[in-house]
Amino acid sequence: DESWYIVRNTPGVTGFVGSAGSGSKPNPLLPDEARFILKQMGMKEKTIDVQLDLGEQVRVKSGPFANQVGEVQEIEADKFKLTVLVNMFGRETPVEVEFDQVEKL
């Protein structure tokens, strides 16, 4: 309801989503509809096939922790992210990286 209030009261937006006076809320896009629109805009859906397990050793390929070796502590497949324990300054530190930033050892 709060989001719909903001949309209704933002100039120029109500013509896109429908009349503010109609009283009905617009329907959210279905995932297939959103993918179609993004594809038409030239955007690609991020897909990365990584076969990793908890406890597995990986090397960080890019980013501020490049060339660090660590152990996979957590896998967030829906966000394409991993938490890797790397050794920094003599202690293990959890670092969040994206799937495409690591490689299996």
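**Note on a predicted single-chain model**

1. Phe99 has a relative accessibility of 8% and therefore counts as buried, where buried means under 20% relative accessible area, exposed means over 50% and partly exposed lies in between, computed with a 1.4 Å probe on protein chains only. This is a predicted model, in which local features need pLDDT of at least 70 and side-chain atom pairs count only at pLDDT 80 or more, while totals for chains, interfaces and linings use all residues. Residues are numbered from 1 along each chain as its sequence is written, and side-chain values use heavy atoms, with hydrogens and water left out.

2. The protein chain contains three helices and five strands, arranged along the sequence in the pattern α-α-α-β-β-β-β-β. Helices (H or I, at least four residues) and strands (E, at least two) are DSSP runs that are numbered from the N terminus.

3. For the chain as a whole, 18% of its 105 residues count as buried. The chain exposes about 8000 Å², of which carbon and sulfur atoms supply 53%; these accessible areas come from the Shrake-Rupley method with a 1.4 Å probe, and for residues only the protein chains shown count as cover.

4. Strand 3, which covers residues 81–88, is largely enclosed by the rest of the structure, because six of its eight residues are buried. Strand 3 runs antiparallel to strand 2 (residues 69–76), and six bridges join the two; strands are said to pair if DSSP finds at least two bridges between them. Across this pairing, Glu76 stands opposite Lys81 in strand 3, and in the hairpin of strand 2 and strand 3, with four residues between the strands, Phe80 takes a positive phi near 60 degrees.

5. Strand 3 also pairs with strand 4 (residues 91–98) in the antiparallel sense, over eight bridges, and here Leu85 stands opposite Pro94 in strand 4. These two strands form a hairpin with two residues between them, and Phe89 in the turn has a positive phi of about 55 degrees.

6. Which kind of aromatic pair do Phe80 and Phe99 make? The structure holds one aromatic pair. The ring centres of Phe80 and Phe99 are 6.1 Å apart and the planes stand at 85 degrees, so the pair is edge-to-face. Rings of Phe, Tyr and Trp (its six-membered ring) pair if their centres lie within 6.5 Å, and planes under 30 degrees apart count as stacked, over 60 as edge-to-face and the rest as tilted. Because Phe80 lies in the loop between strand 2 and strand 3 and Phe99 in the loop between strand 4 and strand 5 (102–104), the pair ties together parts that are 19 residues apart in sequence.
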